[in-house]
Structure formats: structure tokens, C-alpha cells
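Biologist: I would like to learn how to read a model like this one, feature by feature. Could you take me through it?

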Amino acid sequence: QTYYSMSNGSWSSNIWSTTAHAGPNCSCQPPTGCNFTTSHIVNIYNLVTITCNPFTLSNGGMITLQTDGKLTITGSLSITGGSTITVPAGDSLIINGSLTISNGSTIHVSGFIKITGNANISGGSQVSGSGVGHYGSLTVSNGGCWCINTLPVELLSFSADKKDNNSVNVNWTTATEINNAYFLVEKTINEIN
């Protein structure tokens, strides 16, 4: 197996590179461009954007987000052939398109996953773990499973502004609310509890 590391940059159709201000400069070419089809292991640190559309992970390929990892895929994602993506707690996977996951593949989510389009899960594949997620729509067939919690609220914005009279004005906007009864806003009096 071949190991790759990626930190603060973008993965386009043929070039995998980091930005100059993000630490060590790197420029390398993934072996198969937008079709990551071999048993390679990719560790992603910090903020990485994949601009391929679609991006395909197959034949046992593995992507693991590391500390403070955020992977954004600007198009659709296809995972097949026993491939795996791991999203630890505190990390996030954002797919600005559809997800197709099949043939025994898995996305392990302890953090957060968001799919703006349809999530198609089939062939014993699953999105599983203790994390949470959001999708535009969901199609599950042939032993597939969406086995994580779905967020009841999609938050667009949140702000808290301190006022002169020792009060705070809190504002938020939601895009969707599914089975949400109310919001509970709490404050601390000692900055600990």
C-alpha cells in the first residue's frame, strides 16, 4: 500500500497540491487523478478541497481525515469496491453533490457529514458511526444502511453580539428544520459550567 498525506490545498483532475501559506509546499500527482482506484491510503489534514466531478474511490482505496480535517468535494462522490472514508470526531466531510456508495464500501462518521444532493446507498454499504449527518434526499437498497443520526436542523448562520447593558443579542437562521420542536439557548455564569 502507498501512503499519501494532504494538508491545506486542493486535489484537481491531475494535480494534488497545497497552498503556499499553509505550511510546507507540496506538489504531487495522485496515481489515477479523479479515479482513485488502487489500494492507496490518503491521510487528510486541515482543509482540503477535491474539485473533480465526479470523484471516484474504488477497489479498497482509503481516505482518513486527521486532526482538524475538513474534506470538501465540490461535485459528486462515488465509493465502491470495499473502499473506506473515515471522518473522526471534530472532522467533517462535505459533498456538494450526490453520494453513491456501493459494493461493501463504508463511510465511518464520528464527526459530521453533509451531502447536498441524494445519498444512494446499496450493496451492503453503509454510512455508520456515532456522528451526525445531513442529506438532501436518501435512497437505500440491497442491504445498504444510513446508520448515523440525521441532524434535525440545518443551520445557515449563528451570531452572538454583546450589548452595552451586559446582555447578548443571539441570532440564527436555519435552512431546514425536521421534527424540531424548539431551540434552547443556555449561558454560563462562571465560564466553566
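Biologist: Let me start with N103: is this residue buried or exposed?

Modeller: Some ground rules come before that. This is a predicted model, so local features need pLDDT of at least 70 and side-chain atom pairs count only at pLDDT 80 or more, while totals for chains, interfaces and linings use all residues. Residues are numbered from 1 along each chain as its sequence is written, and side-chain values use heavy atoms, with hydrogens and water left out. As for the terms, buried means under 20% relative accessible area, exposed means over 50%, and partly exposed lies in between (1.4 Å probe, protein chains only). N103 has a relative accessible area of 52%, so this residue is exposed.

Biologist: Where does N103 sit, and what is its phi?

Modeller: Helices (H or I, at least four residues) and strands (E, at least two) are DSSP runs numbered from the N terminus. N103 is in the loop between β12 (99-101) and β13 (106-109). Its phi is near 55°, a positive value in a residue other than glycine. N142 also has a positive phi, near 50°, and is not a glycine. You will find N142 in the loop between β15 (126-140) and β16 (145-150), and it is exposed, with a relative accessible area of 65%.

Biologist: Now a strand residue: is I121 buried or exposed?

Modeller: I121 belongs to strand β14 (residues 112-121). Its relative accessible area is 1%, so I121 is buried. Look at the chain separation too: I121 and I101 are 20 residues apart in sequence, with 5.1 Å between their C-alpha atoms. T106, in strand β13, counts as buried at 13% relative accessibility.

Biologist: How many residues apart along the chain are A160 and V170?

Modeller: They are 10 residues apart, and their C-alpha atoms are separated by 4.4 Å. A160 is part of strand β17 (residues 153-162) and is partly exposed, with a relative accessible area of 48%. You can read I178 in the same way: its C-alpha is 8.1 Å from that of L151, 27 residues away in sequence. I178 lies in the segment after β18 and counts as partly exposed at 45% relative accessibility.

Biologist: Which residues form the nonpolar patch on the surface?

Modeller: Patches are made of residues with over 30% relative accessible area and no salt bridge, joining like charges within 9 Å and nonpolar side chains (Val, Leu, Ile, Met, Phe, Trp, Tyr) within 5 Å. A salt bridge is a side-chain nitrogen of Lys or Arg within 4 Å of a carboxyl oxygen of Asp or Glu. Here L155, F158, W172, F183 and V185 form the patch, and together they have about 490 Å² of accessible area. Such areas come from the Shrake-Rupley method with a 1.4 Å probe, and for residues only the protein chains shown count as cover. One member, F183, is in the segment after β18 (168-177) and is partly exposed at 38% relative accessible area.

Biologist: And which residues line the largest pocket?

Modeller: Rolling a probe the size of a water molecule over the atoms shows where empty space is left. On a 1 Å grid over the protein atoms alone, a cavity is a set of points where a 1.4 Å probe fits but cannot get out, and a pocket is an open set with protein on both sides within 12 Å along at least five of seven lines; lining residues have an atom within 4 Å of a point. The lining consists of K162, N166, S167, V168, V170, V185, E186, K187 and T188.
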